[in-house]
Amino acid sequence: MTTVAAPVGIDDPITGAAIALRSVSKAFGHGADAVVALDGIDLAVGRGEFVCVVGASGCGKSTALNLMAGLDRPTLGEVEVDGRPALMFQEAALFPWLDVLDNVALPMRLKGVGKGERRGRASELLDKVHLGGQGHRRPHELSGGMRQRVALARSLAQDADILLMDEPFGALDAMTRDLLHDELESVWSGSGLTVVFVTHNVREAARLADRIVLLTSRPGRVAATFEVEIPRPRRIDSPEVSGLAAKVTDRLREEVRRHGSR
Amino acid sequence: MAVDEHLLNLAGLDALESVLGKAPSRWSRVWAMTWPKLGALGLFLAGWQLIVWAGWKPEYVLPGPAKVLPRLWELLFVGEFWRAVGITMRRALAGYAVAVVIGSLLGISIARTRIVRSAIGAMITGLQTMPSIAWFPLAIALFQISERAIMFVVVLGAAPSIANGLVSGVDHVPPLLLRAGRMVGARGVGLYRHVILPAALPGFVGGLKQGWAFAWRSLMAGELIVIVGNKPSIGSRLDFARQFSDSELLIAWMLVILTIGIIIDAAFTKADLTLRRRWGLIDNATR
């Protein structure tokens, strides 16, 4: 484990950046009422990398994801995304009028993929998230964890190579969350997917990430970056993960304190 | 992989939340829905008979169920009865269908276009409050005593409710679903077709139901006022019974109107329930 104070270089020679934010600022509102959510963020995410963005509430984590997803534009600076992003939210946001299979198949339907093909592909994806045979059920019949699995399958159905996740497991109980960590890791590993995972749960970040990016709050700036070199598969309760989490938490506390005294 | 095995994979406390309930049998559900209605009907008939026995009005003005129900039964075997019901229902369905088309187009354009909304949004709501019977003098001036006069009023009565239902349905689409829709690649017409319109369905069904009620009321008013020659209808039969001071027949026809209203309302309620059940909008405890 090494701690790097500045963000890793944008033109990383080995991986090549899938996402690059260059001096990105984002303000909401105008004049004196304007709230600066992000203030000059530099961040590069390599292809196939798993990056967790951690910070106290109000640090602009979700804003950063929206910018990467192309749902919003920066006030200043540049956002470069090389690939097809898919965004997952804390709520699964499934469509209640479609059954599980059709929810997963919808992105393909919108692209004009034929019925048989998209259904076949959708049920493969459901198998992948351990929901095989559940395609006929309605979203409301599923538990929260199962709904997030469907949302994950739907994101994969977009043929996305960049997965942007906004506290996707924040509303789940700890046991279910641990299971979903394992599943997300197995979906990601060897797939070449680039993942940006926003969370306020430091342990979760240490469990999942190749690299943890710590944001300050209001305005959001990159405070620190932690390379995570704990071998996979990891356990959330392993001493290494706990140790790193403690370190990140200390740094986070420092930021919160500094922010409070300002 | 077998389903059971998959369910094992769904471990975690969370799996306990998943709904695997069985619905009660069809007959017990039908009975549970029927007996309160039968009870209410019995009470209604008893109350009616009591008022008649009390002698509040002479029996040729207010006959009791014992007189009216046999007349209603006789009616069922008269060809003229079915012809009248058929003509009325055809008018109702045709008028309603036109109202659905016009109301939906209006609703979509109001929901979609800000300028249309500020121009006619409030007016549509205003039209909804206008009693449809007030349209008849104008309708008769425009179309004389004709089918078209009735149609005109039925459509004017129903279309605003349908349009408003669709508008409120679209306005209440959760922003999260819109975001999710855009994220999975729905844009423009695709977003409407696959996200906004399906999400607006509950509001639209509400509007359709209210629109039907307005169409039916307008039609009854219309058939009493605009009596088209040689075309028996429920309204014209009702008027006929009044002119001949045949109270038994009058009430029998009113019961027919009520029955049709109840049947169609039940169909809408069923559609609404089915929709809410499929969407998970019904709490398990109250189901």
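Me: Which domains does the assignment give for chain B?

Reply: Domain bounds come from an automatic or database domain assignment. Here chain B gets domain 1 (24–56) and domain 2 (57–286). Their centres, over C-alpha atoms, lie 26 Å apart. This is a predicted model: local features need pLDDT of at least 70, side-chain atom pairs count only at pLDDT 80 or more, and totals for chains, interfaces and linings use all residues. Residues are numbered from 1 along each chain as its sequence is written, chains are lettered from A and ligands numbered from 1 in the order written, and side-chain values use heavy atoms, without hydrogens and water.

Me: How many residues of domain 1 of chain B are in contact with domain 2 of chain B?

Reply: Contact means heavy atoms within 4.5 Å. Seven residues of domain 1 of chain B touch 11 residues of domain 2 of chain B. Buried area is the accessible area (1.4 Å probe) that two parts lose on being put together, summed over both. For these two domains of chain B it is about 820 Å², with 75% from carbon and sulfur atoms. On the domain 1 side, B:Trp48, B:Val52 and B:Trp56 lose the most area, together 66% of what that side buries.

Me: What is the count of salt bridges between domain 1 and domain 2 of chain B?

Reply: A salt bridge is a side-chain nitrogen of Lys or Arg within 4 Å of a carboxyl oxygen of Asp or Glu. The count between these domains of chain B is zero.

Me: How many helices and strands does chain B have?

Reply: Both are DSSP runs, numbered from the N terminus: helices are H or I, at least four residues, and strands are E, at least two. Chain B has 12 helices and zero strands. The radius of gyration is taken over C-alpha atoms, and the globule rule is 2.2 Å times the number of residues to the power 0.38. Chain B has a radius of 24 Å, well over the 19 Å that the rule gives for 287 residues, so it is more spread out than a compact globule.

Me: How many residues do chain A and chain B bring to their contact?

Reply: Chain A brings 39 residues and chain B 33. The two chains bury about 3,200 Å² between them, 64% of it on carbon and sulfur atoms. A:Trp97, A:Leu110 and A:His140 supply 20% of the area that chain A buries against chain B, more than any other three residues.
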